[in-house]
Amino acid sequence: MIVEFDGLTVDYGLSDLYNLRHAYCISIHKSQGNEYPLVILPMSFSYRVMLKRKLIYTALTRAKQKLIIVGDLKAMKFGVEQIEKARSTLLIQRLLENKK
């Protein structure tokens, strides 16, 4: 497969195709550990459950050169104010029960 990146063409063999991803839209979760030249971050109350400080931080830090935030400023403010509490699970209790 031959792919063009801003005028530069690159040949990919079958074993290299897994390296290619459509990046026109990718989730914050899937982008973790990567950087991109441009990140467009939509902020909307439609996704209120996703408006969390840690997730917003992750989205912001994916931008290598340019970050564009579009949407509702109130949604951004709300999300930044949402500090997640430590998760409350029964994991330790269940592990101890299984140990017996």
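**Chatting through the model**

A: S31 counts as buried, at 6% relative accessibility (buried means under 20% relative accessible area, exposed over 50%, partly exposed in between, with a 1.4 Å probe and protein chains only). This is a predicted model, where local features need pLDDT of at least 70, side-chain atom pairs count only at pLDDT 80 or more, and totals for chains, interfaces and linings use all residues. Residues are numbered from 1 along each chain as its sequence is written, and side-chain values use heavy atoms, with hydrogens and water left out.

Q: Ok, which helix is S31 found in?
A: S31 sits in helix α1. Helices (H or I, at least four residues) and strands (E, at least two) are DSSP runs, numbered from the N terminus.

Q: And what is S31 in contact with, leaving aside its neighbours within four places in sequence?
A: I26, Y36 and R62. Contact means heavy atoms within 4.5 Å.

Q: How far apart are the C-alpha atoms of S31 and T58?
A: They are separated by 8.7 Å, with the two residues 27 apart along the chain.

Q: Let's go to α2, then. Which of its residues are buried?
A: L55, I56, T58 and A59 are the buried ones in α2. Looking down the axis of α2, they fall within an arc of 160 degrees, so they line one face of the helix. That arc is taken from the directions from the helix axis to the C-beta atoms.

Q: What about the other side of α2?
A: K54 and Y57 are exposed there.

Q: What covers the buried residues of α2?
A: The cover includes α1, β3, β4 (63–71) and α3 (73–81).

Q: New topic: how many salt bridges are there?
A: The count comes to 1 salt bridge, meaning a side-chain nitrogen of Lys or Arg within 4 Å of a carboxyl oxygen of Asp or Glu.

Q: Which side chains meet in it?
A: Those of K77 and E81, at 2.6 Å from N to O.

Q: Where are K77 and E81 in the helix?
A: They are 4 residues apart in helix α3, so about one helical turn separates them.

Q: Is K77 buried or exposed?
A: K77 is exposed, with a relative accessible area of 53%. E81 is partly exposed, at 47%.

Q: Nice, thanks!
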